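I opened a new entry to look at how two chains meet. My notes follow the display.

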Amino acid sequence: MPGPQLVMYEEEFKEITAVLDKLTREANAKIVYLVDKNGQLIASSGETERIDATSLASLTAGNIAATSGLAKLIGEKEFSILFHEGEKENIHISLVGQRVILVVVFDHRSSLGLVRLRVKKSSDELNNIFDKLIKKVETEPEAESPFAEITDDDIDNLFSE
Amino acid sequence: MSFINYSSREINCKIVYYGPGLGGKTTNLQYIYDKTNPQAKGKMISLATETERTLFFDFLPLSLGEIKGFKTRFHLYTVPGQVFYDASRKLILKGVDGVVFVADSQMERMDANMDSMDNLKQNLVEHGYDVDKIPLVMQYNKRDLPNSASMEELRRVLNPKGFPDFEGVAPKGVGVFETLKTVVKLVLIELKRGAGVR
């Protein structure tokens, strides 16, 4: 099967959240999300309670996928940044190391220039964390997976109600 | 590609409903959405045209309870069935953990079913999947229509490998949850198998 599955540990999750918190602060952003390319939310920061993050994550991934399809059609490898400008709120979407997607929601209190600058810095930090995470997953002993020992009963119980 | 989060103790998996246009993929998701209690589901998103044809995808997040202390979340997607949307279909299939093929039982849709099945296999191969090993469940939908082909015929043409299969009448919910449960089960078994060999 293609690619290793994405695994997130407590330690890296905290580091990632710290990077997102800092980005939210320094970019004067409202919300920052980190999403994987398959549309699953990894972490978030800021005023997250007012937005349906699951929907946002899947639409973002669809958006990135469609845009990279467009890029390939015209002979580009990828469009690494997308920017959507609204009347009040804007969304800045960027690819981090071809692996994950960084989404920044901001309004008039910030600017595209500031967001781009801060996103660039945060992307490097996130890349380092993901490099570390991938190494860890590769070297982690197999006994770590909670799913090695699931039974048919466990699975049937999901549907018991 | 499932996503295991040890921090929030969650496991996320992606299931894609595939099949020919107007076969009932969106109807399957709509029925699941309507019959699932509000705590277990998120918002259903449909990116559709003005005439209710799927343009890009439908999306429905479901929570199914815990296994070994991990919350299980399944993201259900449909693809646009119409032939000319192949580029979109391929994008949605990326990272899939399990596939439901919704076939249209009507005689005159047999060619469309076969084309869609070939297209599924081709797109899976392009994403690097082994077509014989991916968790796949067949649903022969629209069994209530008078012009539907026999089950033997459908199985012979569309399911020679004998993937688990169900008869469906999606708007009435016949076969809908049976199909979902089976694909979820196959995905979790695959996850267990993967965890053992890695």
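These entries cover the interface between chain B and chain A.

**Entry 1, the model.** I am working from a predicted model.

**Entry 2, extent.** I looked up the contact first. Chain B puts in 46 residues and chain A 40 residues. I then took the buried area. Between chain B and chain A it is about 4,100 Å². Carbon and sulfur atoms give 64% of that area.

How many salt bridges does the rule find across the interface of chain B and chain A? I get one. Lys68(B) pairs with Asp154(A) in a salt bridge. I read 3.4 Å between their closest N and O atoms. The cut-off is 4 Å, so the pair counts.

I listed the elements giving two or more residues to the side of chain B that touches chain A. They are strands S1 (3–5), S2 (10–18), S3 (45–48), S4 (54–67) and S5 (70–78), plus helix H5 (176–197), of chain B. Which element gives the largest share? H5(B) does, with nine residues. I sorted the residues of this side of chain B by class: 24 nonpolar, eleven polar and eleven charged.

Strand S1 (residues 6–8) of chain A pairs with S1(B). The sense is parallel, and I find three bridges. For Leu6(A), I note Phe3(B) as the bridge partner in S1(B).

Note on methods: Residues numbered from 1 in each chain as written. Chains lettered and ligands numbered in written order. Predicted model: local features only at pLDDT ≥ 70, side-chain atom pairs only at ≥ 80, totals over all residues. Heavy atoms only, no water. Contact = heavy atoms within 4.5 Å. Buried area = accessible area lost by both parts, 1.4 Å probe. Salt bridge = Lys/Arg side-chain N within 4 Å of Asp/Glu carboxyl O. Helix = DSSP H or I, 4+ residues; strand = E, 2+ residues; numbered from the N terminus. Nonpolar A, V, L, I, M, F, W, Y, C, P; charged D, E, K, R; others polar. Pairing = 2+ DSSP bridges.
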